[in-house]
Amino acid sequence: MAAPEGPCGGRAGEEPGRDAAGLSGTRGRWRRWPRDRAAAAMFRCGEEVVSGESEEESNGVNLMEFSDEILLHILSYVPCTDLVLNVRRTCRKLAMLCLDKSLTHTVLLQKDYKVNKDKVKQLMRDIGKEIYQLNMAGCYWLPSSTIDHVTRCKNLVKLNLCGCHVTSLRLSKMLSTLQHLRSLAIDVNPGFDASQLSSECKATLSRVSELKQTLYTPSYGVVPCCTSLEKLLLYFEILDRSREGFMLSGQLMVGESNVPHYQNLRVFYARLAPGYVNQEVVRLYLAVLSDRTPENLHAFLISAPGSFAETGATKNLLDSMARNVRLDALQLPKAWINGSGLLQHLKFNNPFYFSFSRCTLSGGHLIQRVINGGKDLKSLTSLNLSGCVHCLAPESLFRKAEDDIDSSILESLVVSCCNLRHLNLSAAHHHSSESIGNHLCQLLSRLKHLLSLALPVCSITDVAANVEKPPTASNFVPQTFGRKVRIGIQTYPRNLADQANQKIESSVFWALMGSLRFLETLEIIGSSFSSAMPRNEPAIRNSLPPCVRAQSVGDSEVAAISQLTYLQSLTLAQLPSILTGSGLVNIGLQCQHLRTLSLANLGMMGKVVYMSALMDMLKHCKCLRDLRLEQPYFCAGAQFFQALSHCSSLQRLCIVSRSGTLQSDAVMSFMANCLEVIMCHMFMGESLTVCKNLQQSIVRSFQADRPALNVVIFPLLHEDLTEVIRDVPMRHLDEITLFKSRVAEEPPNLWW
């Protein structure tokens, strides 16, 4: 497998690397290059050509001497707005290359946080007719009038406007001119009125085959107009109460005359946020499916938190699916699977995605009904078993959640699904026995194609190694709450040589990390961990204690992660035996591709024992873009923000800390030094007055230069926290502010 091409950055707006298998025929793993450095190189290159400076005088290579093919490849990593509005003005050759169809065919603005209305207007004016795919997802800072300029893109085939402000009238005007559109993603907000859509708009929608619709109000949206749908993605974000406190009801949709057309549907996906109304509305969408199941349906996925009871209509739908279709991807609410023989009757073709999250699926059922007794499932690339506490045990009737797993079940899974690239085993106690060669980590090391992995902390404990573990410097520190730590004295090894002496060569987790050299996403989460800031609910004041076996996972295990040279995203939560955080320094030094870091409840809960190591780590994280910290009593002071200022690529910061404190001057200085930061969320223990004053100061000082700036600073335990959360842009809320396991959360390439 090829290694990533650069340490950080990438094609403008692209997501982290993903595999080719999935619900769309898009290209394979995406690679990343430093977009800012690429842009800077092109600017320098242009300056050299204009000034006529010779190669000998510049003591460097003149990029203009490269072939057009190489230059086009380099330019593909520069944001399209920079190409069209800046780079092409540097010299004649770049002016020609920047308008090449390979660069203007697809325009990605979804994470171009510096783009504004004027830039979009100029971009559409210059290359609008050349754009076939336009992604503006999550551009919440652009005014709704910006959408009017999309009408210049007459040849658009794919358009993503999720997170943008679009009214029904504006949508109608825009879609009326886009006769070639086949893929559309939009939000449906309160006030949406399908009767305002013109006949020309409905004609365009009738040709759309892919629709992604995020609902913030009970409605069918534009689904009834899309008579040729093959792929339908629905995200239900409807709150049970309006801002005025009135209860909402999905029955408001009953009066709508039109119904969805599903006869050509191949992919149906629905993701529900917590709340009764969301469940009520999705049942209305499913009612049509239960009458007649599409013959070509090959992916049926419903992600619903909590309890989502099965009804007669849904049971009829599942029975019809069992009789008439063969699936390649499946995800159902746990209540629809638990205690039923559904899996025994469903037929699968070449499955690539399964999610049985939170189901009481036993290992016996997993092997017999899903893997079909060890059937070759090389097509399966993504498997989500998070919260399946009995999935690695033969039966669940008399088994305790803390009992050892049956290694033969996991071995059958690994052998049958040898091409797995995304595997989630979090939120469960998966304890291995002392049998040699049968540890969970040893078996998972056979999955050489893994790109993302989520494990519970207790699953990586090496029982035999714990008995034979030689004493290290950190072992001599008593794990008592009252232990005093001398401020300013480093309590971890200062170089890799010292840390290497502490490695336990026989540790199964060290061996696992060594065998998964190309892993890009890793989550190690305590089996009983829950974030202090759940969605749509007050903050949690008390947390459940960690698993006993998790007490054996400490700094040396964290240091093992530093072997993952190409790691891009790391989550560590509820590791109670972290004493110094020395392993974090190793990760900062070795994992130079790291872009996303989430740390929660490490070490003792009464103090932040790893602060010194964290600050040392941050000094090496030059490519870090997203940082989330959740830790009681966290002090966001001058030293922390000074260390964080070394993260020159940082864009989003979220700190959640019960009884935590902050220094307003340090925050302001940090925001002034880190020019790329566009999101600052802090939920601390400070007073409401302190939080509001700081938030207003940041917005007043930096909003003009950073159009996408989103600042939320609020007391964590305040009763109005849920009202504040509802105003956070969905992109930030879903990707960083709210804690959750993201491995195998959705099928690969669910949307382009």
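This is a predicted model: local features need pLDDT of at least 70, side-chain atom pairs count only at pLDDT 80 or more; totals for chains, interfaces and linings use all residues.
View 1. Let us start with some empty space. Rolling a probe the size of a water molecule over the atoms shows where empty space is left. The second largest pocket holds about 1300 Å³ of space. Its lining is made up of 43 residues, and those nearest the centre are Pro305, Arg358, Phe739, Lys740 and Ser741. Sorted by class, the lining has 19 nonpolar, 15 polar and nine charged residues. Look also for strand E7 (267-272) and strand E8 (299-303), each of which gives at least two residues to the lining of this pocket.

View 2. The structure contains 15 aromatic pairs. Are Tyr220 and Tyr285 buried or exposed? Both are buried. Another edge-to-face pair is formed by Tyr262 and Phe268, at 6.3 Å centre to centre and 75° between the planes. Tyr262 and Phe268 are buried too.

**View 3. A cluster of phenylalanines.** Here you can follow rings from one to another: ring pairs join Phe634, Phe640, Phe641 and Phe670 into a cluster. You will meet Phe640 again in the next view, among the residues that touch the most other members of the largest nonpolar core.

**View 4. The nonpolar cores.** In soluble globular proteins, nonpolar side chains tend to be buried together. The largest nonpolar core in this model has 203 residues, and Phe268, Phe300, Phe356, Leu444 and Phe640 touch the most other members. Helix H10 provides the largest share of this core, with seven residues. A second, separate core has 17 residues, including Leu108, Ala299, Leu301 and Tyr353. Which residues does Leu444 contact, leaving aside its neighbours within four places in sequence? They are Leu410, Val414, Leu423, Leu425, Leu453, Leu455, Leu512 and Leu516.

**View 5. Two alanines with positive phi.** Most residues other than glycine have a negative phi. Ala427, although not a glycine, has a positive phi of about 60°; you can find Ala427 in the loop between strand E12 (422-424) and helix H16 (440-444). Ala744 also has a positive phi, near 55°, and lies in the segment after helix H27 (730-737). Why does Ala744 count as buried? Its relative accessibility is 6%, and buried means under 20%.

How values were computed. Residues are numbered from 1 along each chain as its sequence is written. Side-chain values use heavy atoms; hydrogens and water are left out. On a 1 Å grid over the protein atoms alone, a cavity is a set of points where a 1.4 Å probe fits but cannot get out, and a pocket is an open set with protein on both sides within 12 Å along at least five of seven lines; lining residues have an atom within 4 Å of a point. Grid points are joined across faces, edges and corners, and a volume is the space filled by probe spheres set on the points. Helices (H or I, at least four residues) and strands (E, at least two) are DSSP runs, numbered from the N terminus. Ala, Val, Leu, Ile, Met, Phe, Trp, Tyr, Cys and Pro count as nonpolar, Asp, Glu, Lys and Arg as charged, and the others, Gly among them, as polar. Rings of Phe, Tyr and Trp (its six-membered ring) pair if their centres lie within 6.5 Å; planes under 30 degrees apart count as stacked, over 60 as edge-to-face and the rest as tilted. Buried means under 20% relative accessible area, exposed over 50%, partly exposed in between (1.4 Å probe, protein chains only). A nonpolar core is a set of buried Ala, Val, Leu, Ile, Met, Phe, Trp, Tyr and Cys residues joined through side-chain atoms within 4.5 Å. Contact means heavy atoms within 4.5 Å.
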